[in-house]
Amino acid sequence: MAHSAMAGSGWGTTEGDDPLQTAVWRLRSRACWADAAALLEPVNAATALQRTALLVERCLYTEQGWADAEDALRAAEALAHSDDERGAAACERGQLAYAATVHGVRDRSDEARAALGRAAALIPPGAAGRALLDFRRGLLAENLTRSPQAARAAYRRAHAGATAHTDPLLQSFTWRHLAGLALREGELAEARHGFAESLRIREELGYLVGTAPALVSLADAESEPEASRLREEARRLFRLLGGVPTWLARHLTPPATGAATA
């Protein structure tokens with residue numbers, strides 16, 4: 001299975017001028033999730049949820065750290081009291097279960113569906129966390145249910161929500177997944193535009209760990225020699241980050257086939 005599920009969390013980037021959040025973002029964007037999580041004391045639900053999101057993302061990108069993510073998630077669930085907090089924790093549980101399923105660790109697809117369904121009952125439409133939830137429900141529709149139409153509708157809702165709440169990182173993921181669906185349908189111009197927008201956003205944000213996958217996906221929609229140039233740049237970044245994300249390796253082995261829509 002192409003790991004088109006490798007999206008990070010939708011919470012922000014540098015959170016304004018907060019030095020702690022700036023440090024967390026810089027570490028996260030350079031694939032140092034454990035170091036970023038270590039800066040956060042899970043003294044309340046918000047911090048515990050952010051710490052969980054970091055460790056879940058590490059699982060997605062490295063296929064390691066599952067026990068740490070589970071521990072952080074249980075701590076976040078214990079601290080969650082409002083509907084929004086419980087919904088956010090359920091959303092992270094759904095994502096972790098989904099990641100374990102697509103990485104072949106263990107089939108937790110039923111748990112993923114149940115957790116995201118619970119999150120949908122707790123997070124109202126229009127709330128800040130709903131866009132991330134819609135995106136993750138799109139991942140399930142695309143990769144577990146195999147329903148591209150349902151996935152496209154969920155991604156579009158997520159994209160609208162990310163735009164409304166000014167979440168450019170999540171926009172980069174929705175652009176990519178919508179473009180991936182377009183590419184599979186042979187809509188090259190639409191796919192190229194979406195992949196290019198995703199790459200542009202990630203470069204502007206400095207989201208280094210997500211830049212190589214974005215380059216590979218754009219290469220899949222481009223012709224030569226541009227496609228080869230993009231893949232070579234992706235290989236450089238992949239090596240720079242020590243082979244992260246792990247699942248990108250097979251997309252960087254010439255000849256590259258398929259779309260890496262992470």
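**Close-up views of the predicted model**

**View 1. Helix 5 and helix 6 cross with a left-handed sense.** The model shown here and in the other views is predicted. Helix 5 covers residues 83–102, and helix 6 covers residues 109–122. Their axes lie 7 Å apart, at an angle of about 160°. Angles over 145 degrees count as roughly antiparallel, so helix 5 runs roughly antiparallel to helix 6.

**View 2. Residues of helix 5 and helix 6 meet in a contact.** Helix 5 contributes Asp83, Asp84, Arg86, Gly87, Ala90, Cys91, Arg93, Gly94, Ala97, Tyr98 and Thr101. From helix 6 come Ser109, Glu111, Ala112, Ala115, Leu116, Arg118, Ala119 and Leu122. Nine of the contact residues are nonpolar, four are polar and six are charged.

**View 3. The protein has 12 helices and zero strands.** From the N terminus on, its elements read α-α-α-α-α-α-α-α-α-α-α-α. The C-alpha atoms fill a box of roughly 55 × 35 × 35 Å along the principal axes. The radius of gyration is 17 Å. A compact globule of 262 residues would have one near 18 Å, so the value agrees.

**View 4. pLDDT stays under 50 over residues 1–12 and over residues 255–262.** For residues 1–12 the model has 60 contacts beyond four places in sequence. For residues 255–262 it has 29 such contacts. Where pLDDT is low, predicted coordinates should not be read in detail. The mean pLDDT of the protein is 91, and 90% of its residues reach 70 or more.

Definitions and conventions. Residues are numbered from 1 along each chain as its sequence is written. This is a predicted model: local features need pLDDT of at least 70, side-chain atom pairs count only at pLDDT 80 or more; totals for chains, interfaces and linings use all residues. Side-chain values use heavy atoms; hydrogens and water are left out. pLDDT is the predictor's confidence in each residue, from 0 to 100. Contact means heavy atoms within 4.5 Å. Axes are lines fitted to C-alpha atoms, for helices over the stretch in contact, and angles run from 0 to 180 degrees between N-to-C directions. Helices (H or I, at least four residues) and strands (E, at least two) are DSSP runs, numbered from the N terminus. Angles under 35 degrees count as roughly parallel, over 145 as roughly antiparallel, 65 to 115 as roughly perpendicular and the rest as oblique. A crossing is left-handed if the near helix is turned anticlockwise from the far one by less than a right angle, and right-handed if clockwise. Ala, Val, Leu, Ile, Met, Phe, Trp, Tyr, Cys and Pro count as nonpolar, Asp, Glu, Lys and Arg as charged, and the others, Gly among them, as polar. The radius of gyration is taken over C-alpha atoms; the globule rule is 2.2 Å times the number of residues to the power 0.38.
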